[in-house]
Amino acid sequence: MAARLSVNINKIATLRNSRGGNNPNVLKAAIDCQAFGAEGITVHPRPDERHIRYSDVREIKKSITTEFNIEGNPKEDSFVQLVLETKPEQVTLVPDSRDQLTSNHGWNTIEEQKYLQEIIAVFKKQGIRVSIFVDPVADIVAAAADTGTDRIELYTEAYAHGYNTGRDAAIAPYITAAKMAVEKGLGINAGHDLDLANLAFFAQRIPDLLEVSIGHALIADALYYGLENTIQMYKRTLTNQ
């Protein structure tokens, strides 16, 4: 079965916020992505609301029927409260700081084991599936299994950057990490810098991949191909890899 495509709509919110007002309409974008075939909608609200706003999250949750995935740092209490209020199908925990432009590393599941166990239990008690953002390191994945998380999301920036110069070398640590995840009974998601050029090879070599979250590249492609067509292109890439 092909991995599910969850469309991250943060960049649509960034465009809206650059001019004020409500154009493009983020809620409509989420509804349209669902209608165009997205099997999930992902948002990553940050405390400064520089793209997705907390109010967007509340509106989207009430208006879509496809899987809703909220990403963010649970060390921000406002994020935790938002997730508990909206109860998405999945929360993805990302250890980003307030001043980061974008996510750039995964959890150290060894050093932060106790904290992750405690916060993951909070979400799971409310029936929310939990995924945690990790680098492709076997020991980190193995320790993730002890946190109580349901899934990991493999941070794929290193793969994307290495793909053009040596895709076999670039994918190797992800294969090892994925094997460890399967051995430990964890579901596998992936995201960051995946695009139409590198996605098929990644999905082919990680056969247990359940879901990819793609935003920046997909929205950039939509400028040329149109949003509906682009979503279908990504889905075909996952299906025909």
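I call a crossing left-handed if the near helix is turned anticlockwise from the far one by less than a right angle, and right-handed if clockwise. Helices are DSSP runs of H or I, at least four residues, numbered from the N terminus. I worked from a predicted model, where local features need pLDDT of at least 70, side-chain atom pairs count only at pLDDT 80 or more, and totals for chains, interfaces and linings use all residues. Residues are numbered from 1 along each chain as its sequence is written, and side-chain values use heavy atoms, with hydrogens and water left out.

Entry 1, α3 and α4.
I looked up α3 against helix α4 (residues 77-86) and found a right-handed crossing. Their axes (lines fitted to C-alpha atoms over the stretch in contact, with angles from 0 to 180 degrees between N-to-C directions) come within 10 Å and cross at roughly 15°. The two helices are therefore roughly parallel, a label for angles under 35 degrees; over 145 is roughly antiparallel, 65 to 115 roughly perpendicular and the rest oblique. I took contact as heavy atoms within 4.5 Å. On the α3 side I noted Y54, V57, R58 and K61, which meet S78, F79, L82, E85 and T86 of α4. I sorted these into four nonpolar, two polar and three charged residues. Here Ala, Val, Leu, Ile, Met, Phe, Trp, Tyr, Cys and Pro count as nonpolar, Asp, Glu, Lys and Arg as charged, and the others, Gly among them, as polar.

V26, L27, A30 and I31 of α2 meet D56, E59, I60 and S63 of α3. I count five nonpolar, one polar and two charged residues in that contact.

For helix α9 (residues 216-225) and helix α10 (residues 227-239), I read axes that come within 7 Å and a crossing of roughly 125°. The pair is therefore oblique. I noted the crossing as right-handed.

Leaving out residues up to four places away in sequence, I found F123 touching P74, V80, V83, L84, V91, L93, I128 and V130.
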